[in-house]
Amino acid sequence: MRNILVICRKELGSYFVSPIAYILLGLFGVIFGYMFWTSLGRFLAYSMEAQMSGSSYPMNLNEQLVRPFLYNIAVILGVFAIPLITMRLFAEEKRSGTIELLATSPIRDMEIVIGKWIAAVMLYACLLLLTAINFIFVFRYGHPDWKPLVVAYLGLLLQAGGLLALGTFISTLTKNQIVAAAVTFGICLLLWIIGWVEYETAAWAHVLSYFSVVNHIESFLRGVLDSKDIIFYATVIFIGLFLTARSMESLRWRS
Amino acid sequence: MISVKDLTKRYARTTAVDHISFDVAKGQIVGFLGPNGAGKTTTMRMLTCFLPPSAGSATVAGFDVLEQPLEVKKRIGYLPETPPLYPEMETVEYLKFVGKLKGLSGPELQKRVDYSCERCAITDVKTKLLGKLSKGYRQRVGLAQAIIHNPDVLILDEPTAGLDPKQINETRDLIKSLAGSHTIILSTHILPEVEQTCEQVVIINKGKLVATDSVRNLQARARGAESVVLEVAGRNGNLEPNAVQAKLAALAGVSQVLCKQQVDSRAVFQVESEKGRLVRGDLARAVVESGWDLNELRPAAMSLEEIFLQLTKSEMPAEKAQAQGAQP
């Protein structure tokens with residue numbers, strides 16, 4: 001446990017000493033700020049229109065503003081931020097030779113892997129926190145339900161945990177950060193669009209869309225805690241970390 | 001302290017380390033000598049539990065590298081060929097991180113960090129970024145990292161590579177001063193380094209053990225006290241080297257005669273004699289009395305370089321060389 005913390009603190013330190021954390025936070029802060037601003041504007045325009053035409057159906061903040069925005073976070077951060085966070089975790093250590101220091105220290109491979117993964121999850125949590133700032137305005141001027149929001153963020157964190165574990169694994173396979181980022185990006189994108197076969201009713205399509213990481217987030221975004229989705233993400237996290245540890249071990253046999 | 005037995009490392013197509021065995025006693029400095037690509041780094045990586053051996057065993061402080069790697073790692077300080085530094089960290093921050101990895105904490109950690117900085121003369125770069133340090137400082141921070149947890153065994157992979165002469169001397173002195181309290185294995189392909197710093201030498205080539213001996217014995221060989229080179233020529237233009245060899249070998253006190261080279265009617269022999277026997281006069285007389293000319297007779301002043309080159313020549317079988325190594 002202590003070793004995990006040591007590794008995790010070192011990784012977080014590296015994130016925040018190098019520009020990567022600030023670039024990610026700055027960039028996505030602006031992007032999501034703009035996104036929220038435009039969707040808020042659209043929401044207001046629609047509600048104005050609805051009032052003018054005398055629609056009896058009231059607008060719902062949670063359904064029509066909060067949820068689409070959260071869905072965008074899930075997709076955009078899940079596809080674009082994950083590779084940038086995980087690419088250096090192991091690739092950099094392999095390139096500079098510091099992996100030899102870690103591997104010859106009296107700590108277990110799994111402790112190294114989990115420590116690095118937790119640091120990645122924490123950086124992602126910072127990004128999520130940044131997106132949450134936008135909701136301050138919603139709470140200030142409206143009365144959305146806060147409980148689904150908490151569940152949604154839990155889901156976002158779980159989704160990220162799974163993808164970050166996969167990204168960590170991919171980072172162990174190469175010395176080149178760019179390669180690690182490209183492959184991770186491809187896989188994250190694939191795990192999103194793989195769910196687009198939903199229109200098919202055949203069994204294989206069901207299987208494929210089951211693997212869609214984004215499909216499993218939908219119930220969270222609606223504020224529903226579904227055990228099958230939690231189990232899905234937990235499984236992805238477990239598989240990712242397990243593969244990473246195995247890959248580190250095989251590194252020793254091959255190098 | 002370290003015991004290596006039939007250690008072997010095979011890769012898909014090559015055998016990097018082939019049945020190496022040697023022992024290192026507590027407090028010794030052992031030089032691991034061999035040309036580039038001889039398998040020095042691979043052997044060291046196996047000792048530090050970075051690579052698992054394909055066959056054979058190695059124990060460090062009584063713990064097997066395969067069965068109890070965590071116990072071995074606790075007792076080993078390792079400086080790889082390129083110091084494993086994180087460029088974005090400051091020196092003290094880095095040493096603290098490594099100390100924590102090795103299980104230190106609290107005041108003990110602080111004490112060891114200060115001690116290592118002092119010992120490796122890096123106190124003046126304590127708050128500098130590692131990425132901005134010069135090569136010499138990087139190497140010394142690497143060494144400080146290796147001794148941070150006061151390990152029983154230090155394994156240093158080419159600790160002086162890439163340093164300037166002054167830094168090389170400083171690093172050697174530092175390593176020498178660390179002996180006694182630590183058992184040290186250092187690898188190098190520079191011979192004088194071994195002569196200056198080590199007590200014991202392990203020479204390997206192409207993954208095979210060529211010789212293990214004390215530096216003193218190797219130097220005695222280098223002085224050529226017991227070895228003579230002589231050039232013999234036939235008078236009528238032809239010479240039977242085998243006959244000369246037999247004649248010389250029959251002399252009392254001669255233990256071995258090697259025909260080193262033969263050009264036309266001249267041949268060069270190297271004669272090894274038993275310890276304490278001066279056979280030069282007998283050799284000269286035997287040659288002349290047999291009707292051959294004695295062109296040259298000189299003590300074989302073999303430098304350590306020559307021994308090394310001779311030992312690592314590929315055509316020489318390891319067993320023969322090993323036998324020679326054991327018999328100064």
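Q: Start with helix H1 of chain B. How many of its residues are buried?
A: This is a predicted model, and in it helix H1 of chain B, residues 40-47, is mostly covered, with 8 of its 8 residues buried.

Q: Which residues are those?
A: The buried residues of H1(B) are B:Lys40, B:Thr41, B:Thr42, B:Thr43, B:Met44, B:Arg45, B:Met46 and B:Leu47.

Q: What follows H1(B)?
A: B:Cys49 follows H1(B), and the phi of B:Cys49 is positive, near 70°.

Q: And the rest of chain B, how many helices and strands?
A: Chain B has 12 helices and 14 strands. Of its 328 residues, 43% count as buried. For contacts in chain B with a separation of 6 or more, 68% are between residues 24 or more positions apart.

Q: What does the domain assignment give for chain B?
A: Domain 1 covers 2-220 and domain 2 covers 225-300. The centres of these two domains of chain B, taken over C-alpha atoms, are 45 Å apart.

Q: Switching to cores. Which residues touch the most other members of the largest nonpolar core?
A: A:Ala81, A:Leu164, B:Ala144, B:Ile155 and B:Ile184 do, in a core of 133 residues.

Q: Take B:Ile184. What is it in contact with, leaving aside neighbours within four places in sequence?
A: B:Ile184 is in contact with B:Ile29, B:Val30, B:Leu154, B:Leu156, B:Ile175, B:Leu178 and B:Ala179. Another core, of 13 residues, lies apart from the largest one, and its members include B:Val232, B:Val244, B:Val271 and B:Trp292.

Q: OK, chain A. How many helices and strands there?
A: Chain A has 12 helices and 0 strands. Of its 255 residues, 39% count as buried.

Q: What about contacts between residues 24 or more positions apart in chain A?
A: They account for 82% of the chain A contacts with a separation of 6 or more.

Q: Why does the radius of gyration of chain A agree with a compact globule?
A: Because a compact globule of 255 residues would have a value near 18 Å, and chain A has 20 Å. The C-alpha atoms of chain A fill a box of roughly 70 × 45 × 30 Å along the principal axes.

Q: Last topic, the interface. How many residues of chain A are in contact with chain B?
A: 16 residues of chain A are in contact with 21 residues of chain B. On the chain A side, helix H1 (2-17), helix H5 (99-103) and helix H12 (227-254) each give two or more residues. H1(A) gives the largest share, 4 residues.

Q: And by class?
A: The side of chain A that touches chain B has 7 nonpolar, 6 polar and 3 charged residues.

Technical notes
Residues numbered from 1 in each chain as written. Chains lettered and ligands numbered in written order. Predicted model: local features only at pLDDT ≥ 70, side-chain atom pairs only at ≥ 80, totals over all residues. Domains from an automatic or database assignment. Contact = placed C-beta atoms within 7 Å. Nonpolar A, V, L, I, M, F, W, Y, C, P; charged D, E, K, R; others polar. Buried ≥ 20, exposed ≤ 12 C-beta atoms within 10 Å, placed from the backbone. Core = buried A, V, L, I, M, F, W, Y, C linked by C-beta atoms within 7 Å. Rg over C-alpha atoms; globule rule 2.2 N^0.38 Å.
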